[in-house]
Amino acid sequence: MATVELRFSALPEHVRTARLVAAAVARRAGVDEAVLDEVRLAVGEACSRAVGLHESHDITSPVRVLLIEDEKKFSIEVGDGVTGDSGTARGVDEAEGVAESDAEGEDEMGLAVISGLVDDVEVTAGKDGGLIRMTWPTTTAAVLP
């Protein structure tokens, strides 16, 4: 199992770099060429979501991205530093009768886009922050040049 770890300051301009690195590592891991655009888009959405959560919660720690190559699958984990609920879709606060904020609506939309791009996606939140884990099958064993 090979792993590449990427950490970047929660700034929107770093999301593009994360997308490029993810696509390159996915290609090397044996992810089908036809799926690489989905990998790029999903990583972009997940990283943009993490950057937005860091900005809205005044978190200075970096966004974490793990690119994990297993025997027959390739996984990407994007972690944010927001502990607890991690901004996952909360919907309408029934006790207050208040609709979700614009930031929460954007977060929910980002998760919907990711779910549409990736068949195997898991979103979790805990004491160490939120995590989106996306997994794709690999078609061939990676061959080094």
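**Exercise 1. A pair within one helix**

About how many helical turns separate Asp 37 and Arg 40 in helix α2?

Solution. The model is a predicted one, in which local features need pLDDT of at least 70, side-chain atom pairs count only at pLDDT 80 or more, and totals for chains, interfaces and linings use all residues. Residues are numbered from 1 along each chain as its sequence is written, and side-chain values use heavy atoms, with hydrogens and water left out.

Step 1. Helices (H or I, at least four residues) and strands (E, at least two) are DSSP runs, numbered from the N terminus. Asp 37 and Arg 40 are 3 residues apart in helix α2, so about one helical turn separates them.

Step 2. A salt bridge is a side-chain nitrogen of Lys or Arg within 4 Å of a carboxyl oxygen of Asp or Glu. The side chains of Asp 37 and Arg 40 form such a bridge, with 2.5 Å from N to O.

Step 3. Residues are called buried under 20% relative accessible area, exposed over 50%, and partly exposed in between (1.4 Å probe, protein chains only). With a relative accessible area of 51%, Asp 37 is exposed.

**Exercise 2. Further salt bridges**

Which parts of the chain does the pair of Asp 80 and Arg 49 tie together?

Solution. Step 1. Side chains of opposite charge can pair when their charged atoms come close. The structure holds 7 salt bridges.

Step 1. One of these joins Asp 80 to Arg 49, at 3.6 Å from N to O. Asp 80 lies in the loop between β3 (73–79) and α3 (102–117), while Arg 49 belongs to helix α2, so the pair ties together parts that are 31 residues apart in sequence.

Step 2. Both Asp 80 and Arg 49 are buried.

Step 3. Another salt bridge links Asp 128 with Lys 127, at 3.7 Å from N to O. Here both residues are exposed.

**Exercise 3. The order of elements and the pairing of strands**

In what order do the elements of the protein chain run from the N terminus on?

Solution. Step 1. The chain has 3 helices and 5 strands, and the order is β-α-α-β-β-α-β-β.

Step 1. Two strands pair if DSSP finds at least two bridges between them. Strand β1 (residues 2–8) is antiparallel to β2, with 7 bridges, and Val 4 has Leu 67 in β2 as its bridge partner.

Step 2. β2 in turn runs antiparallel to β3, to which 6 bridges join it. A hairpin through 3 residues connects β2 and β3, and Glu 69 is partnered by Phe 74 in β3.

Step 3. β3 also pairs with β5 in the antiparallel sense, over 7 bridges; Ile 76 has Met 134 in β5 as its bridge partner.

Step 4. β4 and strand β5 (residues 129–137) are antiparallel, with 7 bridges between them. Val 123 stands opposite Ile 132 in β5, and a hairpin through 2 residues joins β4 to β5.

**Exercise 4. Cover along the chain**

Why is β3 described as largely enclosed by the rest of the structure?

Solution. Step 1. Of the 7 residues of β3, 6 are buried, so the strand is largely enclosed by the rest of the structure.

Step 1. β2 is mostly covered, since 5 of its 7 residues are buried. In the protein chain of 145 residues, buried residues make up 37%.

Step 2. Gly 30, in the loop between α1 (15–29) and α2 (36–56), counts as buried at 5% relative accessibility. Its C-alpha atom is separated by 8.3 Å from that of Pro 137, although the two residues are 107 residues apart along the chain.
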